[in-house]
Amino acid sequence: MTLGNLSRLAATIRREREVLLSRWREQVRQLPSGKHLDTPTLNDHVPALLDELAKALESVSDESIPETLLAGSPPLHGIQRFQDGFDIVEVVAEYNILRGCVHDLAESDGVGLHGTAFHILNRVFDESIGIAVQTFATQQALEVQQRREEYLAFVAHDLRTPLNAIALAGRVLEYAVSKPGGPDAARMIRTLHRNVAQLQALVDKVLKESDHIRSATGVELQRREFDLWPLVESLIQDLHPLAETSSTQLLNEVPDDLGAYADASLLRRVFQNLAANAIRHSPRGEVVIGAREIESGRAIECWVRDNGAGIPREQLERIFEKLATDAERAVGTGLGLDIVKTFVEAHGGNVSVESSQGAGSTFRFTLPGRPDVTGGV
C-alpha cells in the first residue's frame with residue numbers, strides 16, 4: 001500500500017468517525033453488558049483510539065504505538081468497563097468489533113487492508129486489547145481482594161460477641177462452682193458449649209471464605225425455611241451473660257408460628273450484631289427482638305428495639321457506613337451495622353433505623369419470602 005493510500009485511509013477514518021462509531025455502538029449493544037449504556041459511556045475512549053490509529057497510519061511507523069497506548073486511554077478503558085459490568089470476553093469483543101468496522105469502512109472506500117496498513121491496524125488493536133484486558137483483570141483482582149478482606153473483617157468482628165459471652169459465662173461459672181449446687185452452673189455450661197460451637201463455625205467460615213465471595217455482594221446465601229422464634233430464643237440465651245453484666249433485659253417477641261426463608265447462619269449474625277449493639281447502649285434497660293409478616297405474607301419485617309441512649313440525628317444518615325462512630329463512641333458501630341446492611345441486602349431486603357436521643361432506637365429490616373410463594377413465608 002502506498003503512502004498516499006495510508007494517508008487516505010487515515011483521512012477516511014477521521015471524516016467518517018461518527019458513522020464508524022455509530023455502527024460500532026450498534027453492534028456492541030448486542031453484548032449483554034452494553035445494552036443499557038448511554039452513548040458517552042459506551043464511547044468512552046474509542047474516539048481517541050480511532051485518532052491514535054489515524055495518526056499511526058499517517059506516520060507509517062508503529063514503533064511508538066505501545067508507548068502511546070500505554071500512556072493513553074486503554075488502561076482507563078479497562079477500569080471503566082470493569083465498572084460498567086463487562087466481562088473480559090466482552091472487552092475483547094468490543095475491540096474486535098471496532099476492528100471489523102474499520103475494515104468494512106476501508107473496503108467501502110476502496111482502500112484494501114493489506115501490507116503496512118493491515119500490520120498497523122492489528123498492532124493498534126492488539127496492543128489496546130492487551131492493555132485494556134490487563135488493567136481490567138488487575139481491577140477485578142483488587143476487588144476480589146477487597147471483598148476477601150472485608151469478609152475476614154466481618155468474621156473477626158462477629159467473633160467478639162461469642163468470645164465475650166464465653167468469658168462472662170466462665171466468670172459466672174467459676175463463681176457458681178465455688179458454691180456446690182449453684183443453680184446457674186448447668187445453664188452457664190450450656191451457654192459455653194453453644195458459643196464454642198458458634199466460634200468453631202465462624203472459624204470454618206474463615207477457612208472457606210473464598211467460597212463465600214461469589215455474588216455481587218461478596219456473600220453466598222444458603223437459604224432454607226425455618227422457624228424464627230427458636231433461632232432468636234437461642235441467640236438470647238447466648239447473649240444472656242452479656243446482657244446480665246449491664247442488667248439489660250432481653251425479650252423475644254417473635255411469634256412462635258412465624259417462619260423465615262433465609263440463610264439461618266447469616267440471619268443469626270444480623271440479629272446478634274443488632275442485639276449486642278443494643279445491649280451495649282441500654283444499660284439497665286430493655287432490648288426487644290420482634291418480627292411480623294408483611295406484604296400479605298410475601299415477606300417478613302424484623303426489628304430490634306431498645307430504650308437506651310438513642311442516636312444523635314446527625315449520625316443517622318451514615319449509621320450503616322463502615323466504621324461510623326461519633327467522637328465519644330456513644331454510638332460506636334464499628335463493622336457491626338455494615339455487616340447487618342451487607343447481609344440483609346444480600347437477601348434482597350433493606351434495613352432502616354428510627355431513633356430519638358434519650359428514648360432508644362429501633363432497627364428494622366425486611367426479608368423476602370420464597371420467590372414462588374404468593375401467600376405465607
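1. What you are looking at. This is a predicted model, in which local features need pLDDT of at least 70, side-chain atom pairs count only at pLDDT 80 or more, and totals for chains, interfaces and linings use all residues. Residues are numbered from 1 along each chain as its sequence is written, and side-chain values use heavy atoms, with hydrogens and water left out.

2. The overall count. The protein chain has 13 helices and seven strands; these are DSSP runs numbered from the N terminus (helices H or I, at least four residues; strands E, at least two). Of its 377 residues, 48% count as buried, meaning under 20% relative accessible area, with exposed over 50% and partly exposed in between (1.4 Å probe, protein chains only). Take the contacts between residues at least 6 apart in sequence: 75% of them join residues at least 24 apart. Contact here means heavy atoms within 4.5 Å.

3. α2 against α4. Start with helix α2 (residues 17–28), whose axis comes within 11 Å of the α4 axis and crosses it at roughly 125°. (Axes are lines fitted to C-alpha atoms, for helices over the stretch in contact, and angles run from 0 to 180 degrees between N-to-C directions.) The two helices are therefore oblique to each other; under 35 degrees would be roughly parallel, over 145 roughly antiparallel, 65 to 115 roughly perpendicular, and the rest is oblique. From α2 come R17, L20, L21 and W24, and from α4 come V46, P47, L50 and D51. By class that is six nonpolar, no polar and two charged residues. For these classes, Ala, Val, Leu, Ile, Met, Phe, Trp, Tyr, Cys and Pro count as nonpolar, Asp, Glu, Lys and Arg as charged, and the others, Gly among them, as polar.

4. α4 against α7. Helix α4 (residues 46–59) also meets helix α7 (residues 88–108), with axes that come within 12 Å and cross at roughly 50°. That pair is therefore oblique too. In the contact, V46, L49, L50 and L53 of α4 face Y95, L98 and V102 of α7. The class count is seven nonpolar, no polar and no charged residues.

5. The sheet. Which strands make up the open sheet, and in what order? Five of them, running β2-β4-β5-β7-β6 with mixed pairing; strands pair if DSSP finds at least two bridges between them. β2 and β6 (351–356) are at the edges with a single partner strand each, so one side of each has no neighbour in the sheet. From one strand to the next, the twist averages 15°.

6. Pairings inside the sheet. β2 and strand β4 (residues 286–294) run parallel over five bridges, and L251 sits opposite V288 of β4. β4 and β5 are antiparallel, joined by eight bridges, with A291 partnered by C302 in β5. These two strands form a hairpin with four residues between them, and E295 in the turn has a positive phi of about 55°.

7. The two faces of β2. In a regular strand the side chains alternate between the two faces of the sheet.

8. α10 and its partner helix. Helix α10 (residues 228–245) lies across β2, β4 and β5 (299–306), at about 180° to β2. α10 also packs on helix α11 (residues 264–280) at an angle of about 40°, with axes 10 Å apart. This makes α10 oblique to α11. On the α10 side the contact takes in L228, L231, V232, S234, L235, D238, L239, L242 and A243, and on the α11 side A264, L267, R268, F271, Q272, A275, A276 and I279. Sorted by class, there are 13 nonpolar, two polar and two charged residues.

9. One residue to look at. Is D238 buried or exposed? At 3% relative accessibility, D238 counts as buried. D238 belongs to helix α10. Apart from neighbours within four places in sequence, D238 is in contact with A165, T191, R194, N195, Q198 and R268.
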